[in-house]
Amino acid sequence: MSADHARIRILSVDDHPLLREGVAALLASQPDMTLIAEASNGREAVEQFRIHRPDITLMDLQMPEMNGVDAMMAICGEYPAARIIVLTTYAGDVQVLRALKAGARGYLLKGLLRKELLETIRLVHAGQKRMVPEVATELAEHAADDALSVREIEVLRLISGGNANKEIAAQLSITEETVKGHIKNILAKLGANDRTHAVTIGLKRGIIDL
Amino acid sequence: MRGAAHFFFGIIGLALITFAALRLNLQPGAVSLLYLIIVVFVSLGAGFVSSIAVSLIAVFGLNYFFIQRYSSSGARNPLDIVATVAFLITAWVITGMVARVRKLTEAQLILRFEERLAERTRIARELHDTLLQSFQGLMLHFQAVNDLLPPGKSKEALENVLNRADQAIVEGRDAIQNLRSSTTNTNELAQAVAALGEELAGPRDGERPPATFRVSVEGIPRDLHPILRDDIYRIAREALRNAFRHAQASKIEADITYGERLLRLRIRDDGKGIDPKLLDAGRDGHWGLPGMRERAQQIGAQLDMWSEVGAGTEVELRIPGPVAYGTSPGRGRFPLFRKKKEAPQEANG
């Protein structure tokens, strides 16, 4: 059996060159892995996937043009057997859930990559799912929580942008009273004391992005 | 009644001016100018009814004491009505203009808060997108090098360093996330200040027992802009830190007053006090005084400190209500000069 044949073929997707380089450097020293392609956004990732059909795709979430979740949905829609591992900075449960729904088989924090990446690639390639404990805990903690509605997420995002109720109402073409109602629901669902607290929780749980 | 003090001083002012003017035989023109100052002063500070009342009293005084109602020939002097109307209009216009300028300044301050929040968000995003990603990428490079090293001391040493670096990056990551949200997790200023006091009073190598700490709130707590709240919180932190660390106080108190016209934070201790000379100079960043003043200035607040050796210290921070709560100035000022489109104001305070 030729060595090349047994190698795990990997596509690395991240908009940050230095991070891609790091991944490449780490993979280069592994006899059982080979980096076959790179992409710097979701759209490129889908294209590269079609061309190369990698065994494993390493996917960043926050990227320009097309984000990681959309790219995963596109890829998994075409190739349901695709094995994708998400690499991201924060462990918000909502973000994790979104990624898992989109078809991720593994979820890694970038801060843990140097210790976890290689093992995770091998595990996922072997057909397992893998999630680091930090992420799993986060997920379990909020499993029973009420999810925010699409509208509530919109409102939360506008709050995080520093908008007052009046401005939020104008932007969403709803009344200020309705906005207040949404905010009340948001606070209750997130267990937040106030608007700013809600934004903090929203960021932490990946409901909204930085 | 709102602005009762203004009204009261206004009446006294009018009486004094009238008395002095009669004694000194001042010209009606001079008297009306002095009256004007009083009327504008009251109108800016007090409610609509008080302003009208003071204006009418001024008009009456002017007519009764100073304007000749009848000319020598016995006919009614037409100038008295003209003078009265001119007086009222002038008072009204000046008040309106001053109120307008004040409001613009407040709007500008609020705008500045928004800018600072946006700026912070931008910095957080930038740091996240560049520095953090680069470091995480570099860590992978280092790990690759580490993998190349043969087992031994140098590999161990590098491994240790990398673990440290991991921690540093996590700290950086969390700091970036925090930059985005505010330092205080709760909008309730009193709560935040109370938590602060608890934290500062916490275990020390204390040869003396920690000071007792009490927070009291007056008025209905209201939402503050995150940036403003942050700055108030930081000023409070500095003041409390001084009280707990340096003052050797046995009692420390924080009062928060949510007034319609003013948000006030007062922190008092019964400690050894600060030399007033130091208080003015704020020498060498001692007690973080210059920082507090700078912060207060930035948010358009007034910071005052009183202290004497042996007599404790009091720090008072006052922020105009419209700036603090991000609302337009209170009701009852010459309505014509207020913007027509205005949200109905809740009747609190």
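Reader: What is the bridge partner of A:M59 in β4(A)?
Author: A:V86 is the bridge partner of A:M59 in β4(A). This is a predicted model. Next to that bridge, A:L58 has A:I85 as its partner in β4(A).

Reader: What makes β3(A) and β4(A) a pair?
Author: At least two bridges between two strands are needed. β3(A) and β4(A), residues 84-88, have four, in the parallel sense.

Reader: Why is β3(A) called largely enclosed?
Author: A residue is buried when 20 or more other C-beta atoms lie within 10 Å of its own. Five of the five residues of β3(A) are buried, so the rest of the structure largely encloses this strand.

Reader: Which residues cover the two faces of β3(A)?
Author: In a regular strand, side chains alternate between the two faces of the sheet. On one side of β3(A) are A:I56, A:L58 and A:D60. A:T57 and A:M59 are on the other. All of these are buried, and both faces are covered.

Reader: What makes the largest nonpolar core a core?
Author: Its members must be buried nonpolar residues joined through C-beta atoms within 7 Å. This one has 48 residues. A:I10, A:M59, A:M72, A:I85, A:V86 and A:A99 have the most contacts inside it. The element that gives the most to this core is α4(B), with five residues.

Reader: What does A:A99 touch?
Author: Leaving out residues up to four places away in sequence, A:A99 touches A:L61, A:V69, A:M72, A:V86, A:A104 and A:Y107. Apart from this core lies another, of 40 residues, with B:F113, B:A211, B:I252 and B:L265 among them.

Reader: How do you know that α2(A) has the expected span?
Author: The helix has twelve residues, 17-28. From first C-alpha to last, α2(A) reaches 16 Å, close to the 16 Å expected at 1.5 Å a residue.

Reader: Why are the buried residues of α2(A) placed on the same side?
Author: The buried ones are A:L19, A:R20, A:G22, A:V23, A:L26 and A:L27. They cover an arc of only 160° around the axis, so they sit on the same side of α2(A). In general, residues three or four places apart in an α-helix point the same way, because there are 3.6 residues a turn.

Reader: What do the buried residues of α2(A) pack against?
Author: In chain A, they pack against β1 (8-13), β2 (33-39), β3 (56-60) and α6 (113-125). In chain B, they pack against α4 (79-148).

Reader: How many residues does each chain give to the contact?
Author: Chain A gives 27 residues and chain B gives 35. On the side of chain A, the elements with two or more residues are α2, α6 and α11 (195-204). α2(A) gives the most, with eight residues. That side divides into eleven nonpolar, ten polar and six charged residues.

Technical notes. Residues numbered from 1 in each chain as written. Chains lettered and ligands numbered in written order. Predicted model: local features only at pLDDT ≥ 70, side-chain atom pairs only at ≥ 80, totals over all residues. Expected span 1.5 Å × (residues − 1). Buried ≥ 20, exposed ≤ 12 C-beta atoms within 10 Å, placed from the backbone. Arc of directions from axis to C-beta. Contact = placed C-beta atoms within 7 Å. Nonpolar A, V, L, I, M, F, W, Y, C, P; charged D, E, K, R; others polar.
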